[in-house]
Amino acid sequence: NNGPNNGPNNNGSNNGSAIDIFRRLTCGGLAGMIAKTFTAPLERVKMMSQTGEGGHGVINIYRNVLRTEGVRGLWAGNGANLLRIFPSKGVVFSSNDVYKTALCKLCNIEVKREGENVKAPGNISFCAGGMAGMTASALTYPLDFVRGRISGKGVLPNSSKKYTGILQTLTLTIKEEGPAAVYKGVRPTLLGAVPYEGIKFGTVGFLESRFPNDTGEYNVIRKVFFGAAGGVSAG
């Protein structure tokens, strides 16, 4: 009599898991898009500082961008960044718990949950975060490459930008340098994703274990503080 009941229960569990992954993909992606849009001007200045475009010093770069490209220039490359961030952050947040669950089972550690989140020791959280970061970076790297080309180049007086849009940048790059060019720099990016996401999620996991939520209720302030601490720790 117990046999026929196992199928529906398993289906319900699988459906719930699929819905949870989809929800994490969506919420993580939207949160990343909002954060990146607000910080896009700072990201633009950082990219131009790294490439040596637009002068020296934060104030000088800001002035040069405003003079040659206008206010919209501060958000140059943000479209490509948003297209990258939505799947990237979505994959990171949805796959992180998947990796944590798998690593806990591999290490014979009991899988515990705090609400909808998988709780794990700091070392497991570090490894799972690093793996999630590598997965997201590998899937979305071409868009990261496009963002760098658009936002990393300034505009000289009486001239026009070489890279202006997502499709134009991809087409021009592939035409001039070949398809493999959109994966230039992917190795250091993948390697950098491991410590960055690993430290971030590892810090959050450590704080959650040191300061557990005994009430069982969702605490927004606690999540914001732990997330901010993870981001600062990762740099």
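Is Gly133 buried or exposed? Gly133 is buried, with a relative accessible area of 3%, where buried means under 20% relative accessible area, exposed means over 50%, and partly exposed lies in between (1.4 Å probe, protein chains only). Before we follow that residue further, a word on what you are looking at. This is a predicted model, in which local features need pLDDT of at least 70, side-chain atom pairs count only at pLDDT 80 or more, and totals for chains, interfaces and linings use all residues. Residues are numbered from 1 along each chain as its sequence is written, and side-chain values use heavy atoms, with hydrogens and water left out.

Let us start with the overall layout. The protein chain has seven helices and two strands, and along the sequence they follow the pattern α-α-α-β-β-α-α-α-α. Helices (H or I, at least four residues) and strands (E, at least two) are DSSP runs, numbered from the N terminus. Of the 235 residues, 38% count as buried. Contact means heavy atoms within 4.5 Å; among contacts between residues at least 6 apart in sequence, 69% join residues at least 24 apart.

How far can you trust the coordinates? The predictor's confidence in each residue is its pLDDT, which runs from 0 to 100. The chain averages a pLDDT of 78, and 82% of the residues score at least 70. Helix α1 (residues 3–51) has the lowest confidence, at a mean of 70, while helix α5 (residues 166–177) has the highest, at 88. Over residues 1–8 the pLDDT is below 50, and this stretch has zero contacts in the model beyond near neighbours in sequence. Where pLDDT is low, the predicted coordinates should not be read in detail.

Now back to Gly133, which is found in helix α4. Leaving out residues up to four places away in sequence, Gly133 touches Val92, Ala193 and Glu197. The C-alpha atoms of Gly133 and Leu190 are separated by 7.8 Å, although the two residues are 57 apart along the chain. Helix α4 also holds Thr140, which is buried with a relative accessible area of 6%. Beyond its neighbours within four places in sequence, Thr140 is in contact with Arg84, Pro87 and Ser88.

Next, see how helices pack. The axes of α4 (residues 122–151) and α5 come within 10 Å and cross at roughly 95°. Axes here are lines fitted to C-alpha atoms, for helices over the stretch in contact, and angles run from 0 to 180 degrees between N-to-C directions. That makes α4 roughly perpendicular to α5; angles of 65 to 115 degrees count this way, those under 35 as roughly parallel, those over 145 as roughly antiparallel and the rest as oblique. Leu143, Phe145, Val146, Arg149 and Ile150 of α4 meet Ile166, Thr169, Leu170, Thr173 and Glu177 of α5.

A second pair is α3 (residues 78–106) and α6 (residues 186–210), whose axes come within 13 Å and cross at roughly 50°. The two helices are therefore oblique to each other. Lys89, Val92, Phe93 and Asn96 in α3 meet Glu197, Lys200 and Phe201 in α6.

Finally, look at the loop between α3 and β1 (112–114), where Asn108 is found. Asn108 is exposed, with a relative accessible area of 72%. The phi of Asn108 is near 55°, a positive value in a residue other than glycine. Most residues other than glycine have a negative phi.
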